[in-house]
Amino acid sequence: MFKACVVIPVYNHAGAIGAMTAAVVAQQTHCILIDDASDAHCAAVLDRLAADAPAQISLVRHAVNQGKGGAVISGFLRAAELGYTHVLQIDADCQHRAEDIPRFLAIAQAYPQAVICGCPQYDDSVPKLRLYARYLTHIWVWINTLSLAITDSMCGLRVYPLAPVLALHARHRIGRRMDFDTDVLVRLYWAGVPVINVPARVGYPADGVSHYRMLRDNLLITRMHVAHFFGMLPRAPSLIMRHFGPQLPHTLHTLPTPSTQPTQPTTSGEESQ
């Protein structure tokens, strides 16, 4: 069974969340909004959105801010309660296009055991410093997975199979803030969950709201990379052996035809703490 919804973590995105939510609902996909202790103005906007479309929108509210990772995990838990098998995560700031959702979900339905991970295709609005700085994380991820399977571990548009994510959440504290996207993806890869990269258009609105904190978040991400490195070492033999087994495509623009679709490998087991 494949049943997917959309989760959007929200923290003071009052100016953008209405357009993003409307675009998601237009795709005929249920939307779970996570209010991560936003201010009163943003909270009121979220209340109005949920009240106007109660069948299409669910609202989860945090009394205390838990960070992006904490908000997304709350969305996973609510999605599981509602009977969904997969979650498409998309950021609230309109950097990603809701028009890409059907393509991502179609690929996820064809490869339900894989994470479908956005691979950013930037327009001219991208800050060049941010673009180049991402490559430091890319390199660390390639080292810590002994693979180039993950093209971009920081994109805010991806589809998760819920079962392995919730199993990981039950046994390991995943990064709760800006380290979440990379941390969960590397640990899922360690656990044998395949990753398929799908190009996703990304823009940076001039009035976009960013909650990235240079010192705090860089320290979190650096500590995460170090922990991943030492976690990779005992897993190195099994990570290397995965290159010799059956492989899913690393990158897909569109679905392959059924006659050319490769055999889907099984996962290799759960990642330990």
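Setting aside neighbours within four places in sequence, His86 is in contact with Phe2, Lys3, Ala4, Cys5, Pro112, Val159, Tyr160, Pro161 and Leu162. The model in which these contacts are found is a predicted one. His86 itself lies in strand E4, which covers residues 86–90, and because its relative accessible area is 4%, under the 20% limit, His86 counts as buried. The side chain of His86 also makes a polar contact with the side chain of Thr85, at 2.8 Å.

A second residue to look at is Asn65, which is placed in the loop between strand E3 (57–62) and helix H3 (67–81). With a relative accessibility of 25%, which falls between the 20% and 50% limits, Asn65 is therefore classed as partly exposed. Leaving out the neighbours within four places in sequence, the residues in contact with Asn65 are Tyr11, Asp36, Ala37 and Arg177. Of these, Asp36 is 29 residues away from Asn65 along the chain, while the C-alpha atoms of the two are separated by 5.1 Å. The side chain of Asn65 reaches the backbone oxygen of Asp36, and the side chain of Asn65 likewise reaches the backbone nitrogen of Gly67.

| Side chain | Partner | Distance |
|---|---|---|
| His86 | side chain of Thr85 | 2.8 Å |

Turning to the helices, helix H1 (residues 14–25) packs with helix H2 (residues 40–52) at an angle of about 15°, and their axes are 9 Å apart. Because angles under 35 degrees count as roughly parallel, H1 and H2 are described as roughly parallel to each other. The crossing that H1 and H2 make is right-handed. On the side of H1, the residues that take part are Ala14, Ile17, Gly18 and Thr21, and these meet His41, Cys42, Val45, Leu46 and Leu49 in H2. Sorted by class, the contact of H1 with H2 comprises 6 nonpolar and 3 polar residues, with no charged ones.

Helix H7, formed by residues 180–190, is mostly covered, with 11 of its 11 residues buried. The buried residues of H7 include Asp181, Asp183 and Arg187, together with Phe180, Val184, Leu185, Val186, Leu188, Tyr189 and Trp190 among others. After H7 comes Gly192, whose phi is positive, near 95°.

Definitions and conventions: Residues numbered from 1 in each chain as written. Predicted model: local features only at pLDDT ≥ 70, side-chain atom pairs only at ≥ 80, totals over all residues. Heavy atoms only, no water. Helix = DSSP H or I, 4+ residues; strand = E, 2+ residues; numbered from the N terminus. Buried < 20%, exposed > 50% of the residue type's maximum accessible area, 1.4 Å probe, protein only. Polar contact = N/O pair within 3.5 Å; in protein donor to acceptor, adjacent residues only side chain to side chain. Contact = heavy atoms within 4.5 Å. Axes fitted to C-alpha atoms, helices over the stretch in contact; angles between N-to-C directions. Parallel < 35°, antiparallel > 145°, perpendicular 65-115°, else oblique. Left-handed = near helix turned anticlockwise from the far one by under 90°. Nonpolar A, V, L, I, M, F, W, Y, C, P; charged D, E, K, R; others polar.
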